Amino acid sequence: MSKKYSTFITALFCLFIFGFGAAHFLLPDREFSEQENTNLTQFKAPTWKTVRSGEFMEKFEKYFNDQFPLRDQWVQLKAYSERALGKQENNKVYFGTDGGQTLFAHFTKIGHEELATRVGFVSKLGDNLDVPVYFSLVPDKSAVLASLLPTNAPNRDDGSTISLAAELCGDGVTYIDLRGALTSAGDFYRTDHHWTTQGAQRAWWKLMADMGRVQPEADMDGFSYQALSYVQVSDSFYGTTYSASGAGWVRPDSIYAVIPEGGTKGNVTVDRYPEGTPIPGGLYYPEKLEVKDKYAYFLGGNQPLCIIQNPDAQGGKLLVVRDSYADSLAPFLAEEFQEVHLFDLRYNNMSLKKYVADNEIDQVLVLYSANNFNTDQNLFKLGL
């Protein structure tokens with residue numbers, strides 16, 4: 001190796017290290033990453049207490065990683081590098097065997113005791129209420145589309161969470177198993193963890209059958225959804241799994257809305273409660289299709305409480321204790337119930353027992369994705 005070449009490599013290395021270091025401190029910090037759809041860590045000045053405990057360095061490392069210059073581009077470059085080396089995952093996301101077009105986020109599995117505690121909160125809710133309580137977990141995409149997972153992928157949904165949760169339910173709760181309803185690739189977005197409009201429709205049918213809204217042996221075409229039609233509203237959706245993976249080679253997903261014949265939702269009204277006061281809203285928010293988080297097209301994104309009313313529906317009042325999967329399920333529920341109350345424990349501290357009594361709720365559905373149910377830290381509120 002010549003002296004000039006050695007000098008060049010050394011200079012290039014120093015430029016890389018010190019250049020990016022300087023850029024990190026000269027460039028303004030970003031508060032939000034649209035690519036990853038997440039808030040980025042902000043700098044907090046050290047104190048004697050945080051330095052002694054090691055908390056400062058731990059948070060500073062996360063801050064440095066979040067604010068690193070060209071972070072989004074580096075994540076993508078790493079994904080391409082991992083794939084070129086024959087690896088089948090990046091940043092806790094598996095690349096599907098369909099040419100890496102279907103992405104699977106790692107599934108979080110918990111132990112028997114922890115799951116029993118969580119299901120116990122649902123059972124307590126059933127014991128506290130005098131109305132029917134139903135409970136259902138949405139299987140993870142890695143369970144439904146297991147054939148597309150890399151061989152021996154360890155962090156996947158093997159079905160044991162749902163099987164055990166169904167067994168652990170108390171007598172006051174009826175479990176609804178959605179595994180037989182969600183079976184095809186079209187039921188989940190390739191780039192996101194959520195189910196598609198098709199998946200939500202299939203789950204809706206199963207939920208309605210087990211809740212007594214339709215006879216289980218009835219033909220799905222005979223149910224009220226036959227008066228609904230699909231409309232493609234976007235062909236450029238990249239979900240949160242894609243954002244974490246850096247898999248720049250993946251094709252975007254399409255998003256579909258479902259509307260009744262005639263192109264309107266009839267007399268359906270939606271009230272949102274972002275801060276305790278009702279604000280008129282809608283089932284769909286077209287402006288969200290212009291931003292990165294296009295799944296917020298459904299109901300406008302996360303909120304503590306949302307009440308959907310349809311005086312033309314035949315059902316009564318349904319309370320859904322839910323996560324974000326219910327956002328795209330809501331238009332279907334609006335076809336069946338006069339009132340649908342969507343209650344998110346992450347942002348809502350109201351007593352469910354009191355809420356059911358005050359609003360004369362007829363039946364309650366606790367609906368979570370299996371992965372969210374294993375990780376949500378607010379399930380204890382079910383028993384309040």
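Buried, in this talk, means under 20% relative accessible area, with exposed over 50% and partly exposed in between, using a 1.4 Å probe and protein chains only. Helices (H or I, at least four residues) and strands (E, at least two) are DSSP runs, numbered from the N terminus.

A word on the source. This is a predicted model: local features need pLDDT of at least 70, side-chain atom pairs count only at pLDDT 80 or more, and totals for chains, interfaces and linings use all residues. Residues are numbered from 1 along each chain as its sequence is written, and side-chain values use heavy atoms, with hydrogens and water left out.

Start with helix α7, residues 160-168. Its buried residues are Thr161, Ile162, Leu164 and Ala165. What covers them? The cover includes α5 (112-128), β6, β7 (174-175) and α12, where contact means heavy atoms within 4.5 Å.

Now the sheet. Eight strands form an open sheet, ordered β7-β6-β15-β13-β14-β12-β10-β11, with mixed pairing. Two strands pair if DSSP finds at least two bridges between them. β7 and β11 (279-281) stand at the edges with a single partner strand each, so one side of each has no neighbour in the sheet. β6 and β7 pair in the parallel sense, over two bridges. Tyr134 stands opposite Thr174 in β7.

Next, helices on the sheet. α5 lies across β6 and β15 (363-369) and runs at about 155° to β6. Helix α10 (residues 325-336) also packs on the sheet, touching β6, β12 (305-309), β13 (315-322), β14 (337-343) and β15. Its direction makes about 160° with that of β14. Axes are lines fitted to C-alpha atoms, for helices over the stretch in contact, and angles run from 0 to 180 degrees between N-to-C directions.

On to the rings. How many aromatic pairs does the structure hold? There are 14. Rings of Phe, Tyr and Trp (its six-membered ring) pair if their centres lie within 6.5 Å; planes under 30 degrees apart count as stacked, over 60 as edge-to-face and the rest as tilted.

Phe95 and Trp249 are edge-to-face, at 5.0 Å centre to centre and 80° between the planes. They are 154 residues apart. Both are buried.

Phe135 and Phe373 have ring centres 5.3 Å apart and planes at 45°, so this pair is tilted. Phe135 is in strand β6 (residues 133-138) and Phe373 in helix α12 (residues 370-375), 238 residues apart. Both are buried. Ring pairs link Phe135, Tyr175, Tyr368 and Phe373 into a cluster.
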